[in-house]
Amino acid sequence: MSSEQANRAYFTMVNNYPWVISALVLGYSLRRTGTKAILVCQCGQDVSPQSLRRLEDVYDTVELAPSFVFPESKYNDSDEIPTDLEFSFRRLHAWSRDEFERITYLDP
């Protein structure tokens, strides 16, 4: 792996099966461009083991997305926070990763 390849990543997230299909198209498309960047796909809990294996055929790293824990506050109750909002916060968390010099986030 070249240092250029180790320093850059294309990062995407999938939450369920319809997103898996899009992520596969995205991953194959990036591979066809000849990119040297690492492809990272983070998956929600609703992604099946079979889908994870398919993603592993395309992406360099496939991992389960960590749960986002909202801070306790009188203004929010974790039972009231929509799942989509949690997913959005996990997207933002992608840029806190420090193993890459540059991360490009792409929605599938």
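This is a predicted model: local features need pLDDT of at least 70, side-chain atom pairs count only at pLDDT 80 or more; totals for chains, interfaces and linings use all residues.
User: OK, what does D60 pair with?
Analyst: D60 forms a salt bridge with R31, and their closest N and O atoms are 3.0 Å apart. D60 sits in the loop between α3 (49–56) and β3 (61–64), while R31 belongs to helix α2 (residues 17–32), so the pair ties together parts that are 29 residues apart in sequence.

User: And how accessible are those two, D60 and R31?
Analyst: D60 has 43% relative accessibility, which counts as partly exposed. R31 is partly exposed too, with a relative accessible area of 32%.

User: Which side chain meets E63 in a salt bridge?
Analyst: That's R97, at 2.4 Å from N to O. E63 is in strand β3 and R97 is in the loop between α4 (83–93) and β4, so this pair links parts that are 34 residues apart in sequence.

User: Is R97 buried or exposed?
Analyst: R97 is buried, with a relative accessible area of 18%. The cut-off for buried is under 20%, so a value of 18% falls on the buried side. E63, on the other hand, is partly exposed at 22%.

User: What about E99, where does that come in?
Analyst: The side chains of E99 and R97 meet in a salt bridge as well, at 2.7 Å from N to O. E99 counts as partly exposed, at 40% relative accessibility. Salt bridges that share partners join E63, R97 and E99 into one network.

User: Switching topic. Which strand is β4 joined to, and how do the two run?
Analyst: Strand β1 (residues 8–14) is joined to β4 by four bridges, and the two run parallel. Across that pairing, R8 stands opposite R102 in β4.

User: Which residues of β4 are on the covered face?
Analyst: I103 and Y105 are on the covered face of β4 (residues 102–105). R102 and T104 make up the uncovered one.

Notes
Residues are numbered from 1 along each chain as its sequence is written. Side-chain values use heavy atoms; hydrogens and water are left out. Buried means under 20% relative accessible area, exposed over 50%, partly exposed in between (1.4 Å probe, protein chains only). Two strands pair if DSSP finds at least two bridges between them. A salt bridge is a side-chain nitrogen of Lys or Arg within 4 Å of a carboxyl oxygen of Asp or Glu.
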